[in-house]
Amino acid sequence: MPEAAVHVGSGKVRELYELEDDRLLLVASDRISTFDVVLPTEIPDKGRVLTGLSGFWFARTRALVPNHLLALRPDGRSTECRRLQMLPIECVVRGYLTGSGWKDYCATGAVCGHVLAEGLRDSDQLPEPIFTPATKAEEGHDENIDRERAAELVGQERLDEVEQTAIALYRFASQHAAERGILIADTKFEFGLDGEGRLVLGDEAFTPDSSRFWPADEYESGRPQPSFDKQFVRDYCETLGWDKTDPGPELPAEVVAGTRERYVEAFERLTGISFDEYLADPQVVLR
Ligand code: PZK
């Protein structure tokens, strides 16, 4: 980070700084969260894996929608991006029924106004991916909203454009990932507008923090799926009897090492690039 860069935001595991000329610097740390709590132990290179994956997807989806990426810094964890006017909704696409979508379906038979067939089971693939927007909560969980409420927030025309774009992005990435043994169950995008009012993809894209990655070879509907990246951490936490409130537990070295391996494996499978090559020159993911 440049000296004296102004800090303009914090996520659970990322930081945002202001640069000159209407640019921002998004820095991905090695922090990891589980059960919504950031743990005191870091996963070495996790931030680099997420930054590299995001850059990879931004480079490959530019024809579908422009994005905020301007440059990857040599540290491999920092993205220079265009400052946008962000839309006030989280744009979620679900290809499988899980998480809050599964909960809402069990309670109402619908998710964000999409009435689904009866008799679906946990982790079932949906016949078509669905767009399920949510509000941005400052604290706590985002709240799923129907398209009517989302249209009040961004306008009907813009919402239609966002929905079409988000579904197209999901179809592209989930097909690519499935061919490489990773199911993308769902994913969250944040869009913004540039100075000319054009829709631009911001934030991170198709990382394990913005998406649910499942190992395809272990997929079996009717039950919760193991997480591609965080399952060792979850399993370890479950052995402790931890109540899942802050502070979380320290992780032992073997859980850290196994988890780092899973992040690197996701990177290498999805990009086809060795992670060592990325560390030597982060630009490799953009070519
Ligand atoms: C923006 N966030 C989320 C919060 C983080 C990330 N290109 C952009 N232009 C304007 N604003 C944002 C972006 C992006 N991306 C993203 N908040 C604002 C966020 C805190 C830390 F790393």
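Reader: How many nonpolar, polar and charged residues does the shell around the ligand have?
Author: Ala, Val, Leu, Ile, Met, Phe, Trp, Tyr, Cys and Pro count as nonpolar, Asp, Glu, Lys and Arg as charged, and the others, Gly among them, as polar. Here the shell has five nonpolar, four polar and five charged residues. This is a predicted model, where local features need pLDDT of at least 70, side-chain atom pairs need 80 or more, and totals for chains, interfaces and linings use all residues. Numbering runs from 1 along each chain as its sequence is written, and side-chain values use heavy atoms, leaving out hydrogens and water.

Reader: Which residues are closest to the ligand?
Author: Being near means having a heavy atom within 4 Å. Of the 14 residues surrounding the ligand, the closest are Leu26, His68, Arg82, Leu84 and Asp203.

Reader: Which part of Arg82 lies 2.8 Å from a nitrogen atom of the ligand?
Author: For a polar contact, look for a pair of N or O atoms within 3.5 Å. With Arg82, a backbone N or O atom sits at that 2.8 Å. His68 uses a polar side-chain atom, 3.0 Å from a ligand nitrogen.

Reader: Which strand gives the most to the shell?
Author: Strands are DSSP runs (E, at least two residues), numbered from the N terminus. S2 gives the most, with three residues; S1 (6–10), S2 (14–19) and S3 (23–28) each supply at least two.

Methods:
A polar contact is a pair of N or O atoms within 3.5 Å; within protein, one must be able to donate a hydrogen and the other to accept it, and residues adjacent in sequence count only if both atoms are side-chain atoms. Helices (H or I, at least four residues) and strands (E, at least two) are DSSP runs, numbered from the N terminus.
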